[in-house]
Amino acid sequence: MQANSASRSVVLAAGLAALAVTWAIVRLNSQLPLHLWTQAWLHPSLEDAQQLLFHYSALPRLVTAVLCGAALGLAGTIFQHVLRNPLASPTTLGVEAGAQLALVIATIWAPFLLGVGREFVAVAGALGVTALIFAVSSARGFSSLTLILAGLVMSLFCGSLVVALKLLNQEYISSLYIWGAGSLAQQDWSAVTYLLPRLLGCAFAAALLARPLVVLTLSDESASALGVSLRWLRIAALFIAVLLTAFVTSAVGIIGFIGLAAPQIARLSGARRFQERLVVAPLMGAGLLVLVDQAAQASSGSFSDFLPTGAVTALLGAPLLLWLLPQLKSSSNDLAPGFIAPATAYRPGILFPLLMTGLVAVTLASILLGRSTQGWSIADGEMLAALAEWRVPRTSVALLGGAMLGMAGVLLQRLTRNPVASPEVLGIGTGVAIGILLSMVISTAPGRGLQLAMSSAGAFTVLAFLLWRGIKSRSAPDQMLLTGIALSAFLDAIIVSFIALGDPRAAQLLAWLAGSTYRADATTAWMTLAIAAPLLLAPPFFSRTLDILPLGEETARELGVDLRLARLAIMGLTAFLTAASVLAIGPLTFAGLVGPHLARAIGLRRAFEQLIGAALIGAILMILADWLGRIVIFPFQLPAGLVAALIGVPYLIWHLTRRGR
Amino acid sequence: MQALFRQDGTEDRTDSSGLSGPMFEMEGASVSIDGHVLLAPTSLTLKRGCVYGIIGHNGSGKSTLLKLLGRQAQPSGGSIRYAGTPVEDYGARAFARHVAYLPQQTPATTGLTVRELVRFGRYPWHGPLGRISAEDHLNVVEAMQLAQLDDLADRLVDTLSGGERQRAWIAMLVAQDSSFILLDEPTSALDLAHQIEVLRLLRNLSRSRNLGVVAILHDINMAARFCDELIALQRGRIRIQGKPDDLMRSDVLENVYGIPMEVIRHPASEAPIGFAR
């Protein structure tokens, strides 16, 4: 039986690899007839463009795909085995994103490091992220859920940092962009000669460790009883997996999810033992990546060099992640449904005037205070009149967007009973982005009305999916977060593919995705106000229901809350609020996470107070972010949404570590 | 709309002040999930002003029965009527004005004070937007007094002891001013003194407000002491139903619990006491 299933999985892996290679051969054959291959491979004729393409592009691309796929499959297998976590992989632990961030930083500020060896830079970044997510999850007893959650959040964070750096350094952008997205396109054999010895070394080391690693299948106590030093064994194995990931990332960028999919498929096909998976998973990985790469080339036609294979693997991999999520067992260390405890000091009578004062202060600062070539300047008189035309609209757009997000966050946290829920973290902002994308597809010049309708529908769909999954899984908060993040990875992949395919509308989408306020003019500001005013007035009417909902379904039903109606109404309102705010200030702002949290932490416990407080704090945060984005790197500007994300993500990670007990 | 609710509410009250009042009638109600029978077709009539104790093994269908009455679960077959009307025909809040329900595990109440929790009991009356009336206030004050929570009113519920917390939740049900209160093991986490305290409170409420109380209880002697009627379930069926005196016999208890039991009389009060032999 055992032998049977093992051989079956080997046959399956070999079959997959054969299928992939056959397809590659058929496609190559259409480019260059079979009988010319040997010649083209060994001594390409310099007169024949097809032979040159074969030798310097098609063939190295195929070999690179095989090498990267196998390496990621091996890395994923080791991660999953050592961490005893079926969802661990280079992508879900954020290791790829860490390597990428380090490389981008080095490219911009320390190019000489790349001369010393780009692999060292990538390894440093990958190790840094690994250390960080272990620190976060150690605060919660190394819960599997927390580890993956921390990894995905770090992925998100590194991703947005990379975007910020690219925007700041336009001169590098084209090369950074193509590489970072995981393109397998090759011009010579350098990637292969770079990867081959390094990956072989890692594979050799992994083979040496294979036997001692098997004991990790046992519990820690029995393993130590067998005389294996677990600590060093784990560290050594993880180091190999991190190295594999870093090498691949430094050569071709992020190829997401292969490292998750290959070991999983190996396991499902019957490779139950670790040693079997060590062989089968790399085979599967190589076959998968070649298949995906061929499909990407075949489907994108003349754009094949621009559709990064990494975007396609993300497109396929994110649904896989969603499907696998229920496998993660919750532990007592995970977040409990409920809320962060408020401070004991409780005086909303003083807090509201304070928050109002804060809002007025940042608004004034944002309108009056700026930087010029001569240093800081306070606008007055004529200068103010001139500048107000620019500064007032963007400040009001930031204010309204932040306020709407703050309220949406309160609605979400109370609706889902999830203390870390927010439109940004649950991927609802990405739903809005898809809605906008669709409105661009439907109409060549979509009006504000169509955009709002489509993006609200997108937000509502994401929210409905999350709630449906949440009710199915008895609404464990961490599960819901993971579902949200996996969902946004999927939707992101759709957007990246759309942009990469060279659609002319992509530029418009890209600018908006970064969350900028600097295109706001008087018309946009008035329009935003017209949409925001009714939406901001609505949530307080739900405050009594919102007070009861966190007590759970049974109590809510017992008290006569019509759950279906209440959920539907609050979901609809959240969708509208998120859509309107995301249209104004972009999807990645974190005002919807930080606003409700801070409001509660300073003592605003009841729904009504929390709604108002979160709106005020959200508005303050966004104005501040907009202002900082304007002055920090003067004369250039950072999008406000990006600045807010750079504040919000560390806040989220800090919160995850704090929720241990 | 608000006026309509109020009228509705006043009407309920005049109706419920009658001595016999509305009652629960179950007719062949059953629950099965994936072919597994949790509750066989069951018929049962429950009256106001009476304390019912539901006893039986774990998994005998006690909670399922209570959830059916409280509309927390849907029957797979049969019907449940309240005051002659099928329970599913009531609106969410209308039903909550008649029947209150306390789950076995009360949820976490992070950041709520006792007074705020008890006020939630008035939601069925004032609804999401209705004005909070003097009567709402009166009911909250009265419920807190009955449950002896006056000194704890501004404490956070999460910081209370188990017994105090249970009293706070029961006060919320009392403020709901319903005709029936359903409680799933209200005494399971409490020590002896608090068990007696809670059960005494429920019996007094039943007498003073003509309230129907249906409680799942583990301790057969407590149930016999405080209930007017006991309902014993076994494997999803009502095995026996009657006055505590009729049930407190060794042969009946052996039948219900499936182990040898004996009943003696309390030397002073003559109350029956059952125990495993």
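Predicted model: local features only at pLDDT ≥ 70, side-chain atom pairs only at ≥ 80, totals over all residues.

Author: Among the contacts in chain A between residues at least 6 apart in sequence, 80% join residues that are at least 24 apart. Chain A holds 26 helices and two strands, and of its 661 residues, 54% are buried.

Leu213(A) sits in helix α8 of chain A, which covers residues 190-214, and in sequence Leu213(A) is 24 residues from Ala237(A), while in space the two C-alpha atoms are 8.1 Å apart. Leaving aside residues up to four places away in sequence, Leu213(A) touches His81(A), Leu233(A), Ala237(A) and Phe274(A). Leu213(A) counts as buried because 21 other C-beta atoms lie within 10 Å, the cut-off for a buried residue being 20 or more.

The two strands of chain A also deserve a look. Strand β1(A), residues 369-372, and strand β2(A), residues 375-378, run antiparallel and are joined by four bridges, with a hairpin of two residues leading from β1(A) to β2(A). Within this pair, Gly370(A) has Ser377(A) of β2(A) as its bridge partner.

From here the account moves to the boundary between the chains. In chain B, 19 residues are in contact with 21 residues of chain A. On the side of chain B that touches chain A, at least two residues each are supplied by α3 (92-98), β6 and α5 (123-126) of chain B, and the largest share, four residues, comes from α3(B). Sorted by class, that side of chain B consists of 13 nonpolar, five polar and one charged residues.

Strand β6(B), one of the elements at this boundary, leads on into the sheet to which it belongs. That sheet is open and has six strands, in the order β6-β7-β8-β3-β9-β10 of chain B, with mixed pairing. Its edge strands, each of which pairs on one side only, are β6 (99-102) and β10 (237-242) of chain B, and from one strand to the next the twist averages 15°. Strand β6(B) runs parallel to strand β7(B), residues 180-183, and four bridges join the two. In that pairing Ala100(B) has Ile181(B) of β7(B) as its bridge partner, and Leu102(B) stands opposite Leu183(B), also in β7(B).

Helix α11 of chain B, residues 250-257, lies across β3, β9 and β10 of chain B and runs at about 155° to β10(B).

Another part of chain B shows two helices side by side. The axes of helix α7(B), residues 162-175, and helix α8(B), residues 192-209, come within 10 Å of each other and cross at roughly 10°. Angles under 35 degrees count as roughly parallel, and α7(B) and α8(B) are therefore roughly parallel to each other. The crossing in which α7(B) passes α8(B) is right-handed. Where they meet, α7(B) contributes Gly163(B), Gln166(B), Arg167(B), Ile170(B) and Val174(B), while α8(B) contributes His194(B), Glu197(B), Val198(B), Leu201(B) and Leu205(B). The residues of this contact divide into five nonpolar, three polar and two charged.

Chain B also contains an open sheet of four strands, in the order β2-β1-β4-β5, whose pairing is antiparallel. The edge strands here are β2 (36-46) and β5 (85-86) of chain B, each pairing on one side only. Between them in the order, strand β1(B), residues 24-33, and strand β4(B), residues 77-82, run antiparallel and are joined by five bridges. Phe24(B) of this sheet stands opposite Tyr82(B) in β4(B).

Note on methods: Residues numbered from 1 in each chain as written. Chains lettered and ligands numbered in written order. Pairing = 2+ DSSP bridges. Buried ≥ 20, exposed ≤ 12 C-beta atoms within 10 Å, placed from the backbone. Contact = placed C-beta atoms within 7 Å. Axes fitted to C-alpha atoms, helices over the stretch in contact; angles between N-to-C directions. Nonpolar A, V, L, I, M, F, W, Y, C, P; charged D, E, K, R; others polar. Parallel < 35°, antiparallel > 145°, perpendicular 65-115°, else oblique. Left-handed = near helix turned anticlockwise from the far one by under 90°.
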